[in-house]
Amino acid sequence: MRPPVEPAIAPPGTGDFRSAGGVSADGWRADQAGERLVPTHCCFCGVQCGMYLRVDRRGKVFGLEPRNHDINRMRLCPKGINAYQQVNHPDRLTAPLVRRTRDEPFREASWEEALDLIVEEIRRVQQAYGADAFGVLGGASLFTEKTYLVGKFARVALKTRHVDYNGRLCMVSAATANKLAFGIDRAGNPFSDMLLSDCLLFAGANVGECFPVMTQYVWAGRDRGAKVIVVDPRETPVARTADLHVRVRPGTDAAFFNAVLHVVIREGLTDDAYLAAHATGWNEVERTVRDYPPERAAEICGVSVAEIELTARWFGGAQRAMAWHARGIEHHSQGVDNCLSIINLCVATGNLGRPGAGYGTLTGQGNGQGGREHGQKSDLLPGGRSILDPEHRRQICRIWGVAESELPTAGTSMVEMVHQMRRGELRGLLGICNNPFVSLPDLRAVREGYDSLDFHVQLDFFLSETAANAHVVLPVTVWAEDEGVMANAEARVVKHNKAQEPPPGVRTDTWVLCELARRLGVGDKFAFDGSREVFDELRAATAGTVIDYSGITYERLEETGGLAWPCPAPDHPGTPRLFEDGRTYHPDGKAHLQAVEWRPPADPYSDQFPLSLTTGRTVAHFLSGNQTRRLGGLVEQTPRPWVELHPAHGFRTGEPVRVVTRRGSAVFPALVLESIRPDTVFVPYHWPVPTAANELTIDALDPRSKIPEYKVCAARVEAAGEADEVPGPPVVRGGGGFGGSEHRRGGFE
């Protein structure tokens, strides 16, 4: 029996916690006979918090404990705490579902029947329309080994150029900018460098909700004296505690950062010696930003001249400053330019490659970094090689044992593939770990594209909105039922461990791709028993590249808690901080600065559409919500989407408000706050129609990264009768009969 808690020394609520059977944080232990704790990492965002999964004597995951991993140090966010509930969730798919047409209901089938049908349809489509008529879409929440297999399967087994992944909706603007400027695609500094910085700038990065555990680094840096600047149209949780919050108008980031650099130059805060020794393109950048005095940018961005000047003085005047950004500046038709404008600021002030001084991009998905490195992106081969580079093609063909003439060329992006479906250029699709029926912009066009496919197979562990529209659905494992690696937002490769066996009837994605390859006649190229064998080939395939994993082994990851690439040898310590010697990964070793001109968003404003609609995530949900909309605690915390808007529009919190764009409309309850710009409204995007934010968004793309412009489109708001009802996530109807699928209402009555 525990002694009573002394009220004078115990925090409020501790007595209730203990009396209810709670255990203090210093007393975590396995308290059931036969229970074991499996060390692993969270399946959700790019922080990749460490955790232990609790496994009972029957071998089933039933809970979790915090893990004192140096990424998160015992901390977990609401999604992390609830992540384990997916593993043995009653909605799990446990048998293949098939139908010949979408008019038919699904029925349960054997794996043999389902795989035979898939191979039959692949051959039919490709014989009738060519190899490129069948495409593959992967995902950035897959283990890196599986992303490697997705790219190899598409190009070797299907021989199609059409392969891409849902990270196209996430990190590609930052990736393109990083490669243009530095010749490498990753953040330059570890999270821990925030503790050493004098100024921390966050642009379009809602750290408190999208990367909650990372907040500890922000606050620790602030507590050590760093100034914190947030550039965001909304008052995010971190913005509330920032020293300066600049509420820029959506779609004006490049103008803002050009003006900040203009002031840095004007006030003599550039590091001229660093620029002379380590950068090219500075003269053109300097000429360009002369045209962005703070007065002009203040008018474009809807902020004050004083805010622009203070940002410049704090960042440029700091001995060590860091800039981090996320989707808020990347989800634009000039997302690459937005990222480059921040890179220009960092390099111009000499803030690169030093403890507490640098530049970072925050990945949204758990493997947003690793997911784009090794071949499932349409223009890349393993190790970040370009599929258009003849030498890179020769290298991979030697490793894969295929003729160079058989390796397809570059494909198109995920959004472009949807339009190819609509035009009949893509007739078949295999999708893994993605849910475009919620996550892609302009959902009416997305539905038209998918409905035009002759054949569609989807791999998933829950029946997503996209899977519910497929011809075949294959049940695959969740993250706790397999092993593999992910690379977090620091480019630290971490190891996920298998905690339980998959349910009967469920297979790993690796097994499915290898078995399909065998049936397509190239099984010798996919002779993998599991993730370890795939990782060994991946390591060999990346040796000597910028993204070098060759020195990383599962054993080293277990011993160290993670290694940042490049890691070219078994005794190499990894590279947590880039550019420490002043050299980038371009052949000349210099940062290649790019002059940036601001241009307006793609969707024009008018009297009919005078406002900016912007979209984003909430702390309780993740991406398309196919996982989190099934977990009771998260649904209770955030049961539905809303529209966040300023009191100037005349609504009260809870009143139904219709948000209208050129693509459609939806009705949400209002959340009225003075902390958002009066000319801007915000809707979270985790839900399907009729409450889908992406029914409203525009599919305009950045010309280089091909990322959609989720963060700004023209809109209006108007009074409505009642808010649209939130559909529940799809489930297979009949509890085993598999007569079809239905949407069950989510939330709590």
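The protein chain of this predicted model exposes about 25700 Å², and carbon and sulfur atoms supply 49% of that area (Shrake-Rupley method, 1.4 Å probe).

What about the overall build? The radius of gyration, taken over C-alpha atoms, is 25 Å, which agrees with the value near 27 Å for a compact globule of 749 residues (the rule is 2.2 Å times the number of residues to the power 0.38). The C-alpha atoms fill a box of roughly 70 × 70 × 60 Å along the principal axes.

Most residues other than glycine have a negative phi, and most peptide bonds are trans.

| Cis peptide bond | Omega | Loop holding the proline |
|---|---|---|
| tryptophan 565 to proline 566 | near 0° | between strand 21 (563-564) and strand 22 (591-592) |
| valine 689 to proline 690 | about 10° | between strand 27 (680-684) and strand 28 (713-719) |

Arginine 73 has a positive phi near 50° and sits in the loop between strand 3 (61-66) and helix 2 (78-82). Because its relative accessibility is 46%, arginine 73 counts as partly exposed. Methionine 74 has a positive phi near 80°.

A bit of bookkeeping: residues are numbered from 1 along each chain as its sequence is written, and side-chain values use heavy atoms, leaving out hydrogens and water. As the model is predicted, local features need pLDDT of at least 70 and side-chain atom pairs count only at pLDDT 80 or more, while totals for chains, interfaces and linings use all residues.

Technical notes
Helix = DSSP H or I, 4+ residues; strand = E, 2+ residues; numbered from the N terminus. Buried < 20%, exposed > 50% of the residue type's maximum accessible area, 1.4 Å probe, protein only.
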